[in-house]
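Me: Could you walk me through reading the pockets, the cavity and the ligand site here?

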Amino acid sequence: MKTFIANLPKAELHLHIEGSFEPELMFKIAQRNHIKIPYNSVSAIEEAYKFNCLQDFLNIYYQGAGVLVTEQDFYDLTYSYLQKCADQNVRHTEIMFDPQTHTDRGVAFETVINGISNACEDAKTKLNVSSLLIMSYLRHLSEDAAFKTLKQSLPFKDKIKAIGLDSSEKGNPPSKFKNVFEASVKEGYIPLAHAGEEGAADYVWEAIDLLGIKRIDHGNNALQDEKLVQEIIQRDIALTVCPLSNTALRVVDDLKNHPLKKMMDLGLKVTVNSDDPAYFGGQVNKNYEAIQEALNLSKNDLYQLAKNSFQYSLSEENKKQEYLNELDIFYNNNK
Ligand code: ADE
Ligand code: ZN
């Protein structure tokens, strides 16, 4: 199974670039920017990366992102993640970035977007990995702040495919961002959002009804509401599920109790993703391996998950078809 997963062509649809920041690179960038970080050893990091909930993690995650200053920093961070994609046969990736985490520290939007998108362009030619960008609004901040970010993004519209909504879910419902999502869609961005990770099913309803999202990040708590499940299936909206993130943040107590297989059996379109791999113990292939083992998934289940990852990606139809053909050839030769 491990070899099957390693060679399975796949796409990653839920990945925060700031969450891919491995300690080794963080140390290096902190040093070159003369910024102090509160860890001086791998064991200090391991101790800090024990979380009880989403907010515990976010506090550490924003602190880590605080060492990113120059365009080169954003380039190095992104290229390092894309190299890992190439190593894992991730053929396509849809990368979220949180501009406000950086612009609020005085880093220009332009610095962030140019560093990230130049790395994506280089990875296409040098690593044969395709990618697109999802600009995420931080939901613990105001809708006005999101509007400001939308405005800053407009000169770089051609580099951004979609918008997302992330950070602290509880107490920050999708309805808070209805107007900025509407304005973003008018600008041509595709709407996506985290929903039902810690928030209840009514936040998922709001995300699909009020924000009109085309894909749900996480969506675990949608299972609390049968009518919602049927609605998601009917609207053909996929869920980007993140198994190791769910156990690290205690959304799920044990991988053996993870609802992924149940979701598939209900007819939901599910994909497997790493979310914040540097913080949650593994890249996307490790997520496939762990969930395969915990739920005893078959090769056909894994094939379905990879198929969904291409099918529900935001890439162009012809590109999608090429990847799906590549996947079918692999599966027919390895099942
Ligand atoms: N930002 C980075 N990872 C996140 C997650 N799992 N949920 C919400 N916001 C995030
Ligand atoms: Zn996420």
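Me: What volume does the largest pocket have?

Reply: A pocket or cavity is found on a 1 Å grid over the protein atoms alone: in a cavity a 1.4 Å probe fits but cannot get out, while a pocket is an open set with protein on both sides within 12 Å along at least five of seven lines. Grid points are joined across faces, edges and corners, and the volume is the space filled by probe spheres set on them. For the largest pocket that gives about 240 Å³. Bear in mind that this is a predicted model, where local features need pLDDT of at least 70 and side-chain atom pairs pLDDT 80 or more, while totals for chains, interfaces and linings use all residues. Residues are numbered from 1 along each chain as written, chains are lettered from A and ligands numbered from 1 in written order, and side-chain values use heavy atoms, without hydrogens and water.

Me: Which residues lie nearest the centre of the largest pocket?

Reply: Lining residues have an atom within 4 Å of a grid point. There are 13 for the largest pocket, with C120, E121, S131, L132 and K159 nearest its centre. Helix 7 (109-127) and strand 3 (130-138) are the elements that give two or more residues to this lining; helices (H or I, at least four residues) and strands (E, at least two) are DSSP runs numbered from the N terminus.

Me: And how does the second largest pocket's lining divide?

Reply: Ala, Val, Leu, Ile, Met, Phe, Trp, Tyr, Cys and Pro count as nonpolar, Asp, Glu, Lys and Arg as charged, and the others, Gly among them, as polar. The second largest pocket has six nonpolar, three polar and five charged lining residues. Its volume is about 150 Å³, and K214, R215, R235, D236 and I237 lie nearest its centre.

Me: How many cavities turn up?

Reply: One of 30 Å³ or more, from a search of the whole structure. The largest cavity holds about 110 Å³, and H16, L54, L58, S167 and H194 are the closest to its centre among 16 lining residues. Helix 4 supplies the largest share of that lining, five residues.

Me: Where does ligand 1 sit?

Reply: A molecule sits in a cavity or pocket if more than half of its atoms lie within 2 Å of its grid points. Ligand 1 sits in the largest cavity. Helix 4 (residues 54-65) gives the most to the shell around ligand 1, four residues.

Me: Which side chains have polar atoms by the nitrogens of ligand 1?

Reply: A polar contact is a pair of N or O atoms within 3.5 Å. The side chain of D275 has a polar atom 2.7 Å from a ligand 1 nitrogen, H16 has an N or O side-chain atom at 3.3 Å from one, and for H218 the distance is 3.5 Å. Taken alone, ligand 1 exposes 260 Å² (Shrake-Rupley, 1.4 Å probe), and the protein buries 100% of that.

How values were computed
A polar contact is a pair of N or O atoms within 3.5 Å; within protein, one must be able to donate a hydrogen and the other to accept it, and residues adjacent in sequence count only if both atoms are side-chain atoms.
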